[in-house]
Amino acid sequence: MAAPVAIHLEFGGGAELLFNGVKEHHVTLPSQSEPWDMKQLLVWIQRNLLKERPELFVQGDSVRPGILVLINDADWELMGELDYQLQDQDNVVFISTLHGG
Amino acid sequence: MRYSRQLLLPDLSVQGQLNLSKTSVLIIGCGGLGCPLAQYLAAAGIGRLGLLDYDEVELSNLHRQVLHGEENQGQAKALSAANAVRRLNSTVECIPYHLQLSSENALQLIQQYPAAKSSTYIYNVPTRYLVNDACVLSSKPLVSASALRMEGQLTVYNYRGGPCYRCLYPVPPPPETVTNCSDGGVLGVVPGIMGCFQALEVIKIASGQGSSCGQQLVMFDAQDARFRSIKLRPKQTGCAVCGENPSVTKLVDYESFCGSAATDKCRKLNLLSRDQRITVQDYQSIMDKAEPHLLLDVRPLVEVDICHLPFSLNIPLSSLEERKSEHIQLFQERISQLKQQMAGDCRPPVYVICKLGNDSQKAVQVLEKMSGSEVDSITVKDICGGLMAWAKRIDPTFPQY
Ligand SMILES: [Zn+2]
């Protein structure tokens, strides 16, 4: 059994509007048999934080185009994307790209 | 010695200043980012500035587009910005382009800026891909920023092994997820800060110091007064335009690629059939004939407070989507009243309006699902073009915001 994982989630660039405008969330992912990865985190967010309009956040088993995912201040592409295994105290940011000026 | 204070900086020095004076920069968009960007580049002694914008100055621009003044309303933004820049520094060669960037003219224009520092602010998705591809195809760095509400973002694309816009966003976002300034609002100083930041990166690149934002995303949160730098992925070998086997080798049709129109103001959704929509003229005659109906305004309260039509019922689109019970109840009450008034007709007409006619279409779809189950049966129609069409075609005294 993997121990529960406490992580810090942040939403920005408008993505927070899908979460009642709340930008920062401290959450604890319950213990489970395998380690938590990003793919499972997206499912967990959909079930536990995102109540409305999931199509504005996810597409297939990843995030929708136009949302950038950052793990501990780095582009998730550098970290293994969906396969990244979450560590206790990780910081995960979902940022929607802005189109204004 | 106009530039003596910056010449004293070892980071710039005489050589850096000479490099600056030989640099050409194309600024795409003379708005909230483009104004401070042009201002600081001109003040610093850039060689040539191309100022491109298809739009005219409006009163609602002035809170953030600080090169334009009250007397410039109605003038082309490119001309107004060029005049302001010339007043500031007559030694800068300044070329206004009052036109919209397109697949036909983009490459030719960008290639005219041989010192290769094209810097831009772009407010919509198709133009972002267009400018990105044009910069990749002509090997120019793209200093790109954006600002919305209380947030800003900045990245230098296609620069020293860093990613291009497509490396980061290979697939365009669904059009309905894109919010722009005329929908979402923006505090003027936020693009001001981001435009100044762009000027800084352009000056660093042009003078030879180089930018450190090539593989970084800088995020600015005005609410928390916080800047953050995020390390981005490098240039992607599989990228459609800058990768090893690019499939995009010339400019393509970006509007169909992105599924939305390239002008900020006319981003129009088309979700409904013709018989589900009426024009503002149709609605005026309904009002004139005093036909019984319900006018539903689905904008957020903050916009309804700015202006609204009399007799409209306000229920924001989000409340309809979330089926907020107090709002649904209110809606049902008004439908019942209308039914009594109409005696006999069992499907009272509901006309839905918003600012530009996008949210109202979504609301019509939601209400049609609810009709006959969650509320009494109704006939729902969208008023095309929303309140801004009303202001333009029916009532010129109605505020345009
Ligand atoms: Zn690329």
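Helices here are DSSP runs of at least four residues, numbered from the N terminus. That is the sense in which B:Ser13 lies in helix H2 (residues 13–21) of chain B. Keep in mind that this is a predicted model.

B:Ser13 is partly exposed, with a relative accessible area of 25%.

B:Arg149 is another residue other than glycine with a positive phi, in this case near 50°. You'll find B:Arg149 in the loop between strand E5 (142–148) and strand E6 (151–157) of chain B. With 24% relative accessibility, B:Arg149 counts as partly exposed.

Then there is B:Gly45, which sits just after helix H3 of chain B and takes a positive phi of about 95°. Helix H3 (residues 34–44) of chain B is itself largely enclosed by the rest of the structure, because eight of its eleven residues are buried. The buried residues in H3(B) are B:Gly34, B:Cys35, B:Pro36, B:Leu37, B:Ala38, B:Leu41, B:Ala42 and B:Ala44.

**How chain B is laid out**

Chain B is divided into domain 1 (3–258) and domain 2 (274–394). Taken over C-alpha atoms, the centres of domain 1 and domain 2 of chain B are 40 Å apart.

B:Asp275 lies in the loop between helix H10 (254–258) and strand E9 (277–278) of chain B. Is B:Asp275 buried or exposed? At 57% relative accessibility, B:Asp275 counts as exposed. From B:Asp275 to B:Glu104 is 171 residues along the sequence and 36 Å in space, C-alpha to C-alpha.

B:Gln361 is part of helix H15 (residues 359–370) of chain B. Leaving out residues up to four places away in sequence, B:Gln361 touches B:Leu269, B:Asn270, B:Leu271, B:Leu272, B:Arg277 and B:Asp382.

Here are the accessibility values for these single residues of chain B side by side.

| Residue | Relative accessibility | Class |
|---|---|---|
| B:Ser13 | 25% | partly exposed |
| B:Arg149 | 24% | partly exposed |
| B:Asp275 | 57% | exposed |

**A sheet and its helices in chain B**

Chain B has an open sheet of five strands in the order E9-E13-E12-E10-E11, with parallel pairing. Which strands are at the edges? They are E9 and strand E11 (313–314) of chain B, each pairing on one side only. Strand E10 (residues 294–297) of chain B runs parallel to E11(B), and two bridges join them. One residue pair to look for is B:Asp297 with its bridge partner in E11(B), B:Asn314.

Helix H14 (residues 325–342) of chain B lies across E10, E11 and strand E12 (349–353) of chain B, and H14(B) runs at about 160° to E10(B).

Now for a pair of helices. The axes of helix H11 (residues 280–288) and helix H16 (residues 386–393) of chain B come within 10 Å and cross at roughly 80°. On the H11(B) side, the contact involves B:Val280, B:Gln281, B:Tyr283, B:Gln284 and B:Met287; from H16(B) come B:Gly386, B:Ala389, B:Trp390 and B:Arg393. The residues of this contact between H11(B) and H16(B) divide into five nonpolar, three polar and one charged.

**A covered strand in chain A**

Over in chain A, have a look at strand E5 (residues 67–71), which is mostly covered: five of its five residues are buried. In a regular strand the side chains alternate between the two faces of the sheet. In E5(A), A:Ile67, A:Val69 and A:Ile71 point one way, while A:Leu68 and A:Leu70 point the other way, and all are buried.

What does E5(A) pair with? Five bridges join E5(A) to strand E7 (residues 91–96) of chain A, and the two run antiparallel. A:Leu68, for example, has A:Ile95 in E7(A) as its bridge partner. Strand E6 (residues 74–75) of chain A also runs antiparallel to E5(A), joined by two bridges. There, A:Ala74 in E6(A) is the bridge partner of A:Ile71. E5(A) and E6(A) form a hairpin with two residues between them, and A:Asn72 in the turn has a positive phi of about 45°.

Methods:
Residues numbered from 1 in each chain as written. Chains lettered and ligands numbered in written order. Predicted model: local features only at pLDDT ≥ 70, side-chain atom pairs only at ≥ 80, totals over all residues. Heavy atoms only, no water. Buried < 20%, exposed > 50% of the residue type's maximum accessible area, 1.4 Å probe, protein only. Pairing = 2+ DSSP bridges. Axes fitted to C-alpha atoms, helices over the stretch in contact; angles between N-to-C directions. Contact = heavy atoms within 4.5 Å. Nonpolar A, V, L, I, M, F, W, Y, C, P; charged D, E, K, R; others polar. Domains from an automatic or database assignment.
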